[in-house]
Structure formats: C-alpha cells, structure tokens
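Please read this note with the model open beside you. Each point takes up one topic.

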Amino acid sequence: MRKLLPLFLLLLAVPSFAQQGPAATYFKDIVLTDQHGKRVRLYEDVMKGHTVVMNSFFATCTGSCPVMTKTYLALQERYADRLGKDLRLVSITVDPQTDTPSALLEYARRAKAKNGWFLLTGSKEEVELALKKIGQYAENREAHKNVMIIGNDRTGLWKKAFALAKTNEVAAVVDSVLNDKGL
C-alpha cells in the first residue's frame with residue numbers, strides 16, 4: 001500500500017501553491033474588462049508579481065477624481081522607468097454602466113495614461129465584487145472613496161494613502177511599498 005504524505009507536505013510540493021501569497025487567493029476569481037475591451041483577471045493579469053496602486057473613480061467625476069488622476073499622472077512620470085514593469089496603476093470605475101471600455105479608453109487618452117495604467121470596468125456585479133475586495137465599494141458613485149491602496153505582491157506589504165494628499169506624500173507611501181524588501 002502506498003504511503004500518503006501529510007496534506008501540508010503535499011501542498012508544498014505543488015510549486016504554484018507554495019509560491020502564491022495571500023493576494024492570489026483573495027483576488028482569485030475577479031475578472032474585469034480593461035480600457036481596450038480585454039477581459040483581465042485582476043490578480044493573474046494585473047497584480048501578480050507587481051506593486052499596484054489602486055483607486056476607485058468614475059470618468060465623468062468633476063470632484064475628487066481629477067485630483068486623483070493628476071496624482072496618477074505625477075506617479076506615472078516619477079516612476080516612468082518602472083511603470084508597466086514592476087509597478088502598475090489600477091483605476092476601477094464605480095460607474096460601470098457609463099464607464100464602458102470605450103469611455104475608459106477615451107478617458108485614458110485625455111489623461112495621457114501610459115502602458116501600465118489599467119482602467120477597469122465590468123458588469124455591475126463584477127465591479128462591486130472588486131471594489132468590495134479592495135475596500136472601495138460605495139452605494140452610489142458620488143460616495144466613492146478617496147483612498148489609494150498600494151500593495152506589493154512579491155512581499156505582501158499593503159498600505160493605504162489618502163488620495164487627495166499632496167503628490168509627494170502619496171509618492172512616499174508608494175516608495176515604501178514599491179521598495180519593500182520583505183525582510
């Protein structure tokens with residue numbers, strides 16, 4: 001009769017399980033649509049192996065969203081050599097009915113978003129699930145949060161930053177997460 005390994009040894013023997021951190025499990029089944037109309041798995045296609053700066057917004061917002069967009073533009077410039085490589089910016093709409101992929105693509109064009117900045121939408125249910133997972137869900141779009149979630153998938157460090165703070169204050173939080181060594 002074959003001897004059975006304890007379950008924890010068996011799980012450690014499976015490389016993909018042993019290498020995945022908590023974010024892989026937490027964000028596992030979230031699928032959204034990017035500004036190009038491509039379906040993306042939030043963890044596998046966007047977050048895995050990267051540091052992400054995530055916020056919620058809507059493209060027709062005239063209040064706090066333009067301020068957050070200016071901060072993202074400043075981060076995009078500051079981290080130009082890392083954007084799309086080990087750093088990604090992620091904006092998830094709170095208004096999926098209006099913010100279609102084509103509307104987000106136009107928003108990205110006007111904002112001068114570069115490769116590495118994902119603007120995400122989906123069905124109402126998909127967007128609500130994603131926003132709840134990152135602590136950004138709001139009953140109506142005007143009540144969306146003004147917080148950025150910054151996470152380093154490689155080290156597991158996650159922090160929040162007030163999205164309306166001065167850019168250098170947000171950048172200091174991004175620096176601390178992006179350059180975390182996981183010690």
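The points below go from the whole protein to single residues.

1. **Ground rules.** This is a predicted model, where local features need pLDDT of at least 70, side-chain atom pairs count only at pLDDT 80 or more, and totals for chains, interfaces and linings use all residues. Residues are numbered from 1 along each chain as its sequence is written, and side-chain values use heavy atoms, with hydrogens and water left out.

2. **Confidence.** pLDDT is the predictor's confidence in each residue, from 0 to 100. The protein averages 88, and 89% of the residues score at least 70. Residues 1-18 are another matter: pLDDT stays under 50 there. For that stretch the model has three contacts (heavy atoms within 4.5 Å) beyond four places in sequence.

3. **Overall build.** The protein has eight helices and seven strands. These are DSSP runs, numbered from the N terminus: helices are H or I with at least four residues, strands are E with at least two. Of the 183 residues, 44% count as buried. Buried means under 20% relative accessible area, exposed over 50%, and partly exposed in between (1.4 Å probe, protein chains only). Take contacts between residues at least 6 apart in sequence: 69% of them join residues at least 24 apart.

4. **Helix H6.** Which residues of helix H6 (residues 101-111) are buried? They are Leu 104, Tyr 107, Ala 108 and Ala 111. They sit on the same side of H6, because they cover an arc of only 100° around the axis. That arc is taken from the directions from the helix axis to the C-beta atoms. The buried residues pack against strand S3 (51-57), helix H5 (65-78) and strand S5 (117-121). The face turned away from the buried side carries exposed Ser 102 and Arg 109. After H6 comes Lys 112, with a positive phi near 65°.

5. **Leu 89.** This residue lies in strand S4 (residues 87-93). Is Leu 89 buried or exposed? Its relative accessibility is 1%, so Leu 89 counts as buried. Leave aside neighbours within four places in sequence, and Leu 89 still contacts several residues, among them Val 53, Tyr 72, Leu 83 and Trp 117. The C-alpha atoms of Leu 89 and Lys 114 are 9.6 Å apart, though 25 residues separate them along the chain.

6. **Leu 164.** Look in the loop between strand S7 (157-162) and helix H8 (167-178) for Leu 164. Its relative accessibility is 32%, so Leu 164 counts as partly exposed.
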